[in-house]
Amino acid sequence: ERVYTMKKIIITVLASILITSTAAFAGSIQIGATVSSAFVDASGEEKTTTGTVTGGAVNTNKASVENNFVTIPSVYAEYSFDDASYASEGNGITLGVNYTFGSADVSDKVSTRSELAEDAAGSGSSGNVTYQAQAELENFVSYYIEVPVYQSLYVKAGMSTIDVITKEDADHEGSYSDASLDGFDLGVGFKGNYGSYVWKVAYEESDFDTLNLTSTTSNKISADIDTQQLAVSVGYRF
């Protein structure tokens, strides 16, 4: 509910600014596509309701994972004010929204651990079992402002949302629900135009809220997810 409300507020504010800006100031609208090389890193812990040896104590498992993605496609829509006097053509204050297609694994390998079965009666497991866990990221949406610094150089700030899809081995340890996280974005890059075509090259980082989940067997996960990416964008200016 909080994530849904946040999205509505951001979209409403952005739409209001765009409408007001279009009527009061000269500028242009851009639409385009972006290709990114991204790096995801996550760290966290899981507290289980069954210990590895005694069978009754809480067991804490910690892990750090990462993954690289060669190509992540996305599309964007923007409104840009006229260029600042200190900026090169095509580098004006810009408001925009970007949507990333597809999904990506948080880790480049499936995480596993071996411990005493939690639910021998329900799952038919006994003794030590191997648990497997993985998570996917999808529906990455960002809302941002880009501000010119000098010539073609600009800085970027914004907010983003992303869905975390859990893919644990539910047969042994119960299942976790999926979640949506809010994040804060920062970036720096260069941009300009060639006639009606616009281009951007940027480095960007996203820092998301802490992920907190409770499984159907009362296990608890707390994790921090961050992304960094190098992005190349090409668009058309109206």
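Which side chains meet in a salt bridge at 2.6 Å, N to O? Lys200 and Glu78 do, and they get their own close-up below. This is a predicted model, where local features need pLDDT of at least 70 and side-chain atom pairs count only at pLDDT 80 or more, while totals for chains, interfaces and linings use all residues. Residues are numbered from 1 along each chain as its sequence is written, and side-chain values use heavy atoms, with hydrogens and water left out.

**View 1. Lys200 and its two glutamate partners.**
Searching the whole structure turns up 5 salt bridges (a side-chain nitrogen of Lys or Arg within 4 Å of a carboxyl oxygen of Asp or Glu). In the Lys200–Glu78 bridge, Lys200 comes from strand β9 and Glu78 from strand β2 (residues 59-81), 122 residues apart. Strands here are DSSP runs (E, at least two residues), numbered from the N terminus. Lys200 is buried at 9% relative accessibility, and Glu78 is buried too, at 6%. For these labels, buried means under 20% relative accessible area, exposed over 50%, and partly exposed in between, with a 1.4 Å probe and protein chains only. Lys200 also bridges to Glu146, with the closest N and O atoms 2.9 Å apart. Glu146 sits in strand β6 and Lys200 in strand β9, so this pair ties together parts 54 residues apart in sequence.

**View 2. Lys191 in the salt-bridge network.**
Salt bridges link Glu78, Glu146, Lys191 and Lys200 into a network. Lys191 belongs to strand β8 and is buried, at 4% relative accessible area. Its side chain makes a 2.8 Å polar contact with that of Glu146. (A polar contact is a pair of N or O atoms within 3.5 Å; within protein, one must be able to donate a hydrogen and the other to accept it, and residues adjacent in sequence count only if both atoms are side-chain atoms.) Lys191 also lies over the face of Tyr154, 5.0 Å from the ring centre; the rule for a charge over a ring is NZ of Lys or CZ of Arg within 6 Å of the ring centre and within 35 degrees of the ring normal. Leaving out residues up to four places away in sequence, Lys191 touches a list of residues including Ser88, Gly90, Asn91, Thr94, Tyr154 and Trp199 (contact is heavy atoms within 4.5 Å).

What does Lys156 pair with in a salt bridge? Its partner is Glu204, at 3.0 Å, N to O. The two come from distant parts of the chain, Lys156 from strand β7 and Glu204 from strand β9, 48 residues apart. Both ends are tucked away: Lys156 is buried at 13% relative accessibility, and Glu204 is buried at 15%. Lys156 also lies over the face of Tyr144, 4.1 Å from the ring centre.

**View 3. Aromatic pairs.**
The count comes to 5 aromatic pairs. Rings of Phe, Tyr and Trp (its six-membered ring) pair if their centres lie within 6.5 Å; planes under 30 degrees apart are stacked, over 60 edge-to-face, and the rest tilted. Phe140 and Phe208 have ring centres 6.0 Å apart and planes at 65°, so they are edge-to-face. Phe140 is in strand β6 (residues 135-150) and Phe208 in strand β9 (residues 197-208), so the pair ties together parts 68 residues apart in sequence. Phe140 is buried at 14% relative accessible area, and Phe208 is buried at 3%. Tyr236 and Phe238 also pair edge-to-face, because their centres are 5.2 Å apart and their planes at 75°. Here Tyr236 is partly exposed at 33%, while Phe238 is exposed at 59%. Ring pairs join Tyr197, Tyr236 and Phe238 into a cluster.

**View 4. The largest nonpolar core.**
This core has 14 residues, and those with the most contacts inside it are Leu137, Ile162, Val164, Leu181, Leu211 and Ile225. (A nonpolar core is a set of buried Ala, Val, Leu, Ile, Met, Phe, Trp, Tyr and Cys residues joined through side-chain atoms within 4.5 Å.) The elements giving it two or more residues are β1 (27-48), β6, β7 (153-166), β8 (179-194), β10 (211-214) and β11 (220-237). Setting aside neighbours within four places in sequence, Ile162 is in contact with Leu137, Glu138, Asn139, Phe140, Ala179, Ser180, Leu181 and Phe208.

How values were computed
Helices (H or I, at least four residues) and strands (E, at least two) are DSSP runs, numbered from the N terminus.
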